[in-house]
Amino acid sequence: DPMFPKDKDGNLLHRDVPLSDTWKALMQEKKAGKVRSIGVSNFSAQEIKDMTQGGAEMPAVNQVEAHVFWNQKELCKEMK
């Protein structure tokens with residue numbers, strides 16, 4: 001299947017697509033009315049900066065694990 005290319009051992013090959021390109025494609029789908037909002041999960045502040053370079057819209061939410069043993073204070077501070 002050309003949508004899911006595999007190597008000689010049957011392992012799925014991953015393409016090197018910049019995160020910003022993927023984000024731009026998702027924003028086009030939002031503008032087209034196909035989705036209302038787009039969020040991410042477990043992204044670092046740097047990944048979000050890379051993804052939204054050039055003035056792209058921020059994700060609606062960045063769902064991250066946070067609890068008493070891993071409170072993510074720095075990430076939460078940067079995301080405000």
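Colleague: In what order do the elements of the chain run from the N terminus on?

Modeller: This is a predicted model. The chain holds three helices and two strands. Read from the N terminus, their order is α-β-α-β-α.

Colleague: Is the chain compact or spread out when set against the globule rule, and what is its radius of gyration?

Modeller: For 80 residues the globule rule gives 12 Å. The chain lies well over that value, so it is more spread out than a compact globule, with a radius of gyration of 16 Å. Along the principal axes, its C-alpha atoms fill a box of roughly 45 × 35 × 20 Å.

Colleague: What share of the residues in the chain is buried?

Modeller: A residue counts as buried when its relative accessible area is under 20%. Of the 80 residues in the chain, the buried share is 18%.

Colleague: Is Asn42 buried or exposed?

Modeller: Asn42 sits in the loop between strand S1 (40–41) and helix H2 (45–51). Its phi is near 60 degrees, a positive value in a residue other than glycine. The relative accessible area of Asn42 is 52%, and the cut-off is over 50%, so Asn42 is exposed.

Colleague: And Gln72, is it buried or exposed?

Modeller: Gln72 belongs to the loop between strand S2 (62–63) and helix H3 (73–79). Although not a glycine, Gln72 has a positive phi of about 60 degrees. Because its relative accessible area is 14%, Gln72 is buried.

Note on methods
Residues numbered from 1 in each chain as written. Predicted model: local features only at pLDDT ≥ 70, side-chain atom pairs only at ≥ 80, totals over all residues. Heavy atoms only, no water. Helix = DSSP H or I, 4+ residues; strand = E, 2+ residues; numbered from the N terminus. Buried < 20%, exposed > 50% of the residue type's maximum accessible area, 1.4 Å probe, protein only. Rg over C-alpha atoms; globule rule 2.2 N^0.38 Å.
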